[in-house]
Every structure is written in structure tokens, then in C-alpha cells.
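Keep the structure open as you read.

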Amino acid sequence: MEFDTVIHGGTIVTASEQYRGDIGITEGRIVAVAERLDGGSRRIDAGGRLVMPGGIEAHAHIAQESASGIMTADDYLSGSISAAFGGNSSFIPFAAQHRGQSIDDVIATYDRRAAPSVIDYSYHLIVSDPTEAVLTDQLPRAFARGITSLKVFTTYDLLNIGDAGMLDILSVARDYGALTMVHAENHAMVAWMNRELASRGMIAPKYHAISRPEQAEEEAINRAIMLAQLANAPLFVVHVSTAGGAARVQRARAEGAMVFAETCPQYMALTRDDLDRPGMEGAKYICSPPVRDTATQDALWRHVQTGTFDSVSSDHAPYRYDETGKLMHGPNAPYPKIANGMPGIAARLPWLFSEGVVAGRLRPEDFVALTSTNAARIFGVAKKGRIAPSMDADIAIWNPETVRTVTLKDQHDNMDYTPLEGMELTGVPEIVMSRGAVIVENGQLHAKEGQGRFVARSRVDLTGRPGAPVKETALMRAAEGSQ
């Protein structure tokens, strides 16, 4: 067999095993995996390296306006380049609907914005205005196109759709095999805390860390799970930041509920002390939900290790530390007026490899599952996330021993800071391939603008999630069927 490329001599790592072997690639697809393969127009020596599926970043905000009108610093060119340098070969950013906007217009807008991407992409929709036309016409057409996930919020004045709106969304998504994601924080609790803090003059960045209590997340996760069970629909809880929230997800899964979840590096790498930096420096570390404390970090690691979380995503939300981003409302803005979010798309995989695999918390196989394979399965990316014949040749070749200090320059994004600046990490993706094409090699970009393609995704995979239906809805359906 003739190959365009053969990767030889490396240790292939999948979500279930690792072994020495070679990979043959032709026309962008993996066509052979064997102990030894000869030939290849190009032969890549992976001796002493780990050969893994390229990362799939399933939580990123790229070329997206916030509800308050602040545009992220990264567009699809810079964002995809940053992702690639971080070991990712595809990503699924959000396409946000704002009040009064049609889903058709949202998709058309993001199709234009995504065209320069250097890696393959899809979208999660953000739905903030679930009108009858959205529910009955526009969302079904988006699902048919292969945009099979959407996100809703339980907080923020311009995004919160309420319990009834969430039930409507869950029901429509269920009927079409789509997955509803939720940003879960109790809106009233957060608003009350903001008022209480403001009345005491506590408006500096450090107070953001206590303005969104752990109970606000825990209650909202519990409520979202209950709503999903009532609708008998799958649910994906994003950026879980608390031990209690993770425990609620764990319990729901043990009961068979169709619940998936993720956490993010910042919740295991940073604490609320990072918001208490001189002047306004703490603004750089404001995100929602906020970073917590060291006890929470330990608890989240345990949940990562024991399978509560399906993935560890970046929640890359790049707002610069200037008037275009964090400080849009002035150099001394109160914390509620500071843009929420931190960059991290290039640091996600190196941080998790170093703190997970190298530190002995995770096996390399776990790393692959958490960063690629699980996302491909859950979000319907059928041809990515695995090293096997017929799959896209989306591959990252890692040097597991290289030590590198995190710098802003190495992020290759449009940001003016990285929250992990100065952290020493072990493990570097030296070569990253997208559909067989080398896009990053030894610190150099080889990708061309616009070579990424839109990926139409399939229905959510609910294997192993039998569901935990509510008795009354089961009785309602049974009664309906007997009429």
C-alpha cells in the first residue's frame, strides 16, 4: 500500500490503550495502523514520542460578542492558530444568538467569521431567545445541518431563559437527537450577592470571587438536572467549578441520568487569591463561575480521576486587559462591569498533560479520553478523536519530556496576557496534523488560512446513559398512547 505519510517508531496512545506502532495516512485519512509500515512519501520519526489523537476543544468563545457587546480578542484565524499550537486539530466554539436574532442569521454570521480557520470546526449554538419560530422551525433546520448541540444560561439578564424556556429547549433538542448544554448558576443568588457587596462598597476585582457562591452553582446544576429528567432529555453541564456541583453530577450519573459534564484547567490551577492582586490586576482572573480554593481544586481532581467529568475544556474567553476587553468600562470599573473570561485554548492540553500525566494523576489514556475521544463521541464528531483506519488523520505527536515555561508569546493568540504566565510545564506537542496535513511542527506554523472545514455532526451518543425519567411524564406518555 502506498502512503502519503507514515508516522513510525512512536508510542500510539488511545483512550483505552497504548502500544508501539506505525500509522499510514493517505488523502487525509488513517488507512493503516500496524506494528511496522514501510514506504510513505514522508516518514515522520516519532521515536521517544507519544502519538495521540489531536485535541478537540469543545468549549471556546471565538469571534463572539458578549451579550453586553464586547467582542472577543480572537477571531477564527488567531483562535485556530492558538488552538493548533496547543495540540488541537479541531474545535467547536459557540455561535451566539442575541435577543431578537434568528438562528439562521446567527449561523450565516458565524459561517463568515469561521472561514479563515486553520483547523476543522463546528458550532454550539447559544440560544437566548427561544421563540416559537426558533423552536419549531429554525433549530430543527440547524440540527439537520449537523449543528447538534446548543447552550442555555440560567443567569445573566440578557441570556437567562428561565425554567420554562429551558424545558422547551430540552424537549426540542431531545426530539432531534441534539444535546443541551447549560451554564448553571442561580441568577437570584448572584444578583442578591452583588447588591449586598455593592452596599458595602466591595466592588474591587477580588470581590467577584465571593459574589457567585458555591451554592449558586450547586443549586442551578441540581435544578438543570431535574428539568432535564422531567423532559427526559440529555444534558451537558459546562465548566463545573465546585465540589458540590460535581457531586450532584456524579449522583445523577450513578442513577442513570443522561448527564455529561466538564471542568476547566483554571478551576484546578488558580484560586480566588489570584483575584486579590495589586491594583486592577485581579481583573485578569475574573471568570464565571469564579475560581475557588485549594480544597475545591483537590475535589475537582478527584472527580476528573474517577470519571465524573467527560472532558476538561478551556472555556477560552479572550478579553484583553485594556479598554477593548476587561477594562471597557474604565480603568477602575467595579467587578460586575469587568468582562468575564480568561484565555486558555493553547494552554489546556500542555497544562493537563503536565499536571495530570506527568504528575501521576492521570494515565496517558485518560488524557486522550478527556481531551479528544470523549468530545468526539458525545458531540457527534464521527471521524475524529480516535487513531484507527478510516478516521481523519488528526494527530498530535508529543515530546513527553520537554520542559517549557508558559509565556504569552507561546500562546499565539491575540491576547496581552496569559493567566498561567511563568508556570513550568512538562510535555509539548511538537507536531500537530489536521486531516493528514502538518499544521504545526517544532514551533512553526505550516497551516494556511482557511484550510479548516465545517464539520457536520451526528446525534448525541447516549450509550451508557439509560436515563432516569420522571414517573409523571412516563404516565403522561403512556396515557397518550392509550387514547
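Buried means under 20% relative accessible area, exposed means over 50%, and partly exposed lies in between. The model is a predicted one.

Q: Is His59 buried or exposed?
A: His59 sits in strand 6, residues 55–60. Its relative accessible area is 0%. The cut-off for buried is under 20%, so His59 counts as buried.

Q: Which residues does His59 touch, not counting residues up to four places away in sequence?
A: Contact means heavy atoms within 4.5 Å. Neighbours up to four places away in sequence are left out. The residues that His59 touches are then Ile92, Phe94, Lys151, Val238, His239, Glu262, Ser313, Ser314, Asp315 and His316.

Q: Where in helix 3 does a kink lie?
A: Helix 3 covers residues 132–144 and reaches 18 Å from its first C-alpha to its last. That is close to the 18 Å expected at 1.5 Å a residue. A kink of about 35° comes shortly before the proline Pro140, and its place is Gln138.

Q: What covers the buried residues of helix 3?
A: The buried residues of this helix are Val134, Leu135, Gln138, Leu139, Pro140, Ala142 and Phe143. Their cover includes helix 2 (103–114), strand 9 (124–126), strand 10 (149–153) and helix 4 (162–175).

Q: How many of the twelve residues of helix 13 are buried?
A: Helix 13 runs over residues 471–482 and reaches 17 Å from its first C-alpha to its last. The helix lies largely in the open, because the number of its residues that are buried is one.

Q: Which helix gives the most to the lining of the largest pocket?
A: The largest pocket holds about 1,000 Å³ of space. Strand 10, helix 5 (187–199) and helix 6 (208–211) each give two or more residues to its lining. With five residues, the one that gives the most is helix 5.

Q: How many residues in the lining of the largest pocket are charged?
A: The lining has 41 residues, and Ala67, Ser68, Tyr156, Pro336 and Asn340 lie nearest the centre. By class, 18 are nonpolar and 16 are polar. The number of charged residues is seven.

Q: How many charged residues does the lining of the second largest pocket have?
A: About 190 Å³ of space lies in the second largest pocket. Of its 15 lining residues, the closest to the centre are Asp120, Lys383, Lys384, Asp392 and Val455. Five of the lining are nonpolar and two are polar, while the charged residues number eight.

Q: What separates the C-alpha atoms of Gly380 and Val460?
A: Gly380 lies in the loop between helix 12 (364–378) and strand 15 (395–405). With a relative accessible area of 4%, Gly380 is buried. Gly380 and Val460 are 80 residues apart along the chain, yet the separation of their C-alpha atoms is 5.8 Å.

Q: Is Glu27 buried or exposed?
A: Glu27 lies in the loop between strand 2 (18–26) and strand 3 (29–34). Its phi is positive, about 50°, although Glu27 is not a glycine. Its relative accessibility is 72%, so Glu27 counts as exposed.

Q: Which residues does a cis peptide bond join?
A: Most peptide bonds are trans. Pro289 lies in the loop between helix 9 (266–269) and helix 10 (294–306). With omega at about -5°, the cis bond joins Ser288 and Pro289.

How values were computed
Residues are numbered from 1 along each chain as its sequence is written. This is a predicted model: local features need pLDDT of at least 70, side-chain atom pairs count only at pLDDT 80 or more; totals for chains, interfaces and linings use all residues. Side-chain values use heavy atoms; hydrogens and water are left out. Helices (H or I, at least four residues) and strands (E, at least two) are DSSP runs, numbered from the N terminus. The expected span of a helix is 1.5 Å times one less than its number of residues. The bend at a residue is the angle between axes fitted to the seven residues ending there and the seven starting there. Buried means under 20% relative accessible area, exposed over 50%, partly exposed in between (1.4 Å probe, protein chains only). On a 1 Å grid over the protein atoms alone, a cavity is a set of points where a 1.4 Å probe fits but cannot get out, and a pocket is an open set with protein on both sides within 12 Å along at least five of seven lines; lining residues have an atom within 4 Å of a point. Grid points are joined across faces, edges and corners, and a volume is the space filled by probe spheres set on the points. Ala, Val, Leu, Ile, Met, Phe, Trp, Tyr, Cys and Pro count as nonpolar, Asp, Glu, Lys and Arg as charged, and the others, Gly among them, as polar.
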